[in-house]
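Hello,

Here is the structure I promised to pass on. My notes on its salt bridges follow below.

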Amino acid sequence: MSRHAESVTTETLDFLRGVAAVYVLVNHTRGAFFKGGKAVFREAGSSALSFFDYFSLSILQGTSLGTEFVILFFCVSGIAMAHSMASAPDPLLFYRKRMIRIWPPFIAAVAFAVALCYGMGLLRPDNVFSATCAEKLCSANEIVKMVFYINPSSSLTPQFWSLPYEVLFYIFCPIILFSEGSMRLAFACSVGFALVGLARYGVAINPSGSIFINFLINELFWFLCGAIGFYHYAKIPRLSPIAFWTSSACLIVSAWSIKYVIGYSNFFSNFAMICFTLLAVRNLPAELTRGKLRSFGAFSYSIYVFHYAILVVISFALFEVFHVRGYEISSYWAWIVFLVPTLTICWLLYLLVEKPCNDYLRRLRAAGRAATQQISEA
């Protein structure tokens, strides 16, 4: 472990990834199987709503920070990649590990979405899901582009919007995270780019049609906030449990409030989430991150890349079998029942695809440590 971040643990980072992945799943599941608070108010009118209605709608507002929790992913990635480069600064080894870690599960997720698209098309070609999926996922040219992270979002994989930014960051990591000095310079540049983006485009995230411009004015800053947090871990405030949970609640409520007032995810709501992430990295209780509850963090990537296609298929089946459209369901909490089968399928796909990649990486790291030890002993 680097001298800059002696207490940053993989358990904490995995736990935060798991929280973010499950939150994004909750956000998308609620959106897929509930008509939404605005529709409820429009159809019933505020005077007809009971205390239970207001209470339920208020709680559901807490599931609306999907983009902000993706930014949490970015910050955690910045920490993890800074640690990786500090531990083993060999660029070729870094690229090899990243490719093994993320590409096979991603290709499997693309193949999974394509298979589901073809399956729904065969079962019911006139279904709205089949029609929207076929526009992209039944085109060989588009599939090839998706595999190489070129415009990978589709009606079955909208969450893939974030993955090209992750890949861009990985490409630049050996340059911008080569040393603490290079990281500081890169962070200063990212701050400058972010300020230029705010002046030119306003507070909306990813406002440009160019992924490279969006990366420079938005995502690079989020990633490098994590990297600088790694190198300055000791300067992150160490809080008492009460102070930490109170501060965390205030930051998350601030993120939601800013997003609600502005009307969309924006620079300031995301910055509040970055502050929460860095505080959590420093202050999350060890018994929480190392206990049984941490296990879901191990397959957070599989949750992220597979979950939306599963939700679409559940929606497809719900309509075909029961003639119920998910986005017309008025029950506030019925969507929760779809979380368990979705998580279960994600876990099975993790065992099939992602876990073998992670196991291979562990063997690779162990072999590297053994070789280093042999050289030092010689």
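Let me begin in helix α15, where Asp 359 and Arg 362 sit three residues apart, about one turn of the helix. (Helices are DSSP runs of H or I, at least four residues, and strands are runs of E, at least two, numbered from the N terminus.) Salt bridges that share partners tie Lys 355, Asp 359 and Arg 362 into one network; here a salt bridge is a side-chain nitrogen of Lys or Arg within 4 Å of a carboxyl oxygen of Asp or Glu. Between Asp 359 and Arg 362, the closest N and O atoms are 2.3 Å apart. Asp 359 is partly exposed at 21% relative accessibility, and Arg 362 is partly exposed at 45%. The cut-offs are under 20% relative accessible area for buried and over 50% for exposed, with partly exposed in between (1.4 Å probe, protein chains only).

A word on the source: this is a predicted model, with local features needing pLDDT of at least 70 and side-chain atom pairs pLDDT 80 or more, while totals for chains, interfaces and linings use all residues. Residues are numbered from 1 along each chain as its sequence is written, and side-chain values use heavy atoms, leaving out hydrogens and water.

The whole structure holds eight salt bridges. One of them pairs Arg 101 with Glu 354 at 2.9 Å, N to O. It links distant parts of the chain, with Arg 101 in helix α5 (residues 91–123) and Glu 354 in helix α15 (residues 339–377), 253 residues apart. Both Arg 101 and Glu 354 are buried.

Best wishes
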